[in-house]
Amino acid sequence: MSGRATHAKAILGQELYSRLSSTRVLLVGAGGIGCELLKNIVLTGFGDITLLDLDTIDLSNLNRQFLFRKKDIKQSKAMVAAKTASAFNPNVKISPIHANIKEPQFDVTWFRGFDLVLNALDNLDARRHVNKMCMAANVPLVESGTAGYLGQVQPIVKDRAECFDCVPKPTPKTFPVCTIRSTPSQPIHCIVWAKSYLMPQLFGEDEADSGQELDEAEKQGENAKEIAALRKEAQAFRAVRAALRSTAADGSSSSAAKMVFDKVYHKDILNLLSMADMWRSRAPPTPLDFDAIRAGTFNLARPSQKGATASAAEGKTNGVKGSSGTEKSLNGASGPNGAGLKDQRALSLQDNLELFVSSTERLAARLRAGDDTISFDKDDDDTLDFVTAAANLRSAAYGIPGKSRWEIKEMAGNIIPAIATTNAIIAGLIVLQALHLLRRSYSLLRNVHVQFKPSMPLSSIMMCPPNPTCGVCRDTYTEIHCDPARVTLKEVVDGVLGRGGDEEREVPEEVSVYEDKRILSDPDWDDNNERTLESLNVTRGKFLSIVDEDGEFATIQVSIGALPPNHPVDAPALVLPSPLPAPPRRPKPRQATPRPATPPPPATAGKKRRAPEDEIEELDAPSAKRARTVPDQSAASFSPSKKRRLEEDGLIMLDTEGEKIEEDPDVIEID
């Protein structure tokens, strides 16, 4: 044996190594873990790799994402990483995709085209999405994550091991630096951007060698157009930095603050809008206008990503002039009665602009007074004001709800830096678990954790079986192919449940239908049944959840797929799976054994009556629903969900006319 494959063949064996070249791998994420992992699988010999990431390269990525260089800033991570890693092994095919993994074209059929999925993501929502898609497509997944010196690797195989959602995940209170994105969707993204990107760019160390690197790249024949764009970007920031460090004719630096604003919130956003592919499936940002905001005439009525308007998220922002005392109120001059709430009030768009200008002027004055650099400190009012205003202005541009100064102070102080060594360790462990999956050595799979313990830096545990109550991997998955514009909700539900067919099937009788958290129908509300899937915004890549109202059968998750390209025009618009899904019955919870009844103690004359003892029964499992009974002909019929909703609204439904309730002055009986 000779050549680059010598060691790999010796370690893996000829049989496994020969399979690597034809193994189709999906790598989701090209950040800290993703760069290390891509390098590892390319050098190991995996031959067909699809790399997907929606992010672009940022300056802060370069200290740990070694496939990128300064000349690559603002370019697609997936494209640059694939180009760089291809040189490591010319026999490997890497297909980069610059997109969001949640876009509709990446449906269950697309996931089913891979033999293995490797997750290198840094946000909970995307990880849950990939986990669900792998469960639906029955494709093995290796999940991973890092936070500072800590890390974990979890191999996931449907029906053999617990999935990512088998164990509830707490809402993260700390955020990796990778959360900074060119397409922010949460307030924390904007906060980290203001703290870790914008502030160092304006008030940090000057990177004097950037021009030399671009000159060298130009000599090596790199793309001249991209280099010219990077030169222009660097020159713009140098001009802004110089303006902040010089005094205007009127002795202020307000013109420099306006220059920063126009650069970051107007010109940069216009540049992003020129990348049409980035906004195919998300709302584009709105460039901000400095003078119009100050004049109170700027209109920011655009839909946000959560369905509300940006102006509503800001709370009376656009047409209402900001408080002239913004800076005073934030710095404690709002009077003794308002001192406790000064940092917690909502800031309007004008308030944020005025705070941005004033904090920029204060920081610029410190630079001119002799400070070489200024870094963020949550206890430094000037830097906290700057990050508050900068983050809220970016949130406004992207239709994201703003945060108060107090909330931003709390969130900006909880950022955990990513560490290159931890990423490298986790990437190596992912490859080891991936090789076990390819060998089908399921007994060797392990959950591995990197710990901050010198005596035991690595710990591994055996795979746990699936959680029987998991709402993801214990569901029954199926896939339909249809034209959402021509197929109704009722047709899909009846078709999947086999209603109207000759064959008798054990399926739920009464069901509710959901799309994510939206309820589309239930036994007492069928207004949407005759509406098309398209009109309900249930299209390719989404799931319909058919839930048994009585809880006897498992939930059916119906994946919506597109019709085949060669599907005849006059053929039915709905293609059902064959065979139809057969949801298993849920295990019945064990009833608690009642405690033996004991007669009450005899009453004693001259003493108060003894209060009844509270009896608490310990249940091993959630209690079963009340057994269904056949009511009298005169009884009103209500489904459990309808009755539950009415009780939540304060209405108590009686099973029969003769049923009575305790007398209560607050209860009104209605015939």
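Hi everyone, let's start in the sheet: strand 12 and strand 14 pair in the antiparallel sense, over four bridges. Pairing here means that DSSP finds at least two bridges between two strands, and helices (H or I, at least four residues) and strands (E, at least two) are DSSP runs numbered from the N terminus. A quick word on the source: this is a predicted model, where local features need pLDDT of at least 70 and side-chain atom pairs count only at pLDDT 80 or more, while totals for chains, interfaces and linings use all residues. Residues are numbered from 1 along each chain as its sequence is written, and side-chain values use heavy atoms, with hydrogens and water left out.

Back to strand 12. Across from Val 511 you'll find Asp 548 of strand 14. On strand 13, the pairing with strand 12 is antiparallel too, with three bridges, and Glu 515 stands opposite Arg 518. These two strands make a hairpin with two residues between them, and Asp 516 in that turn has a positive phi of about 60°. How much of strand 12 is buried? Four of its five residues are, with buried meaning under 20% relative accessible area (1.4 Å probe, protein chains only).

Now let's zoom out. Six strands form an open, mixed sheet in the order 13-12-14-15-11-16. Its edges are strand 13 (518–521) and strand 16 (574–575), each pairing on one side only. Strand 16 pairs with strand 11 (residues 476–482) in the antiparallel sense over two bridges; there, Leu 574 is the bridge partner of Cys 482.

Note on methods:
Buried means under 20% relative accessible area, exposed over 50%, partly exposed in between (1.4 Å probe, protein chains only).
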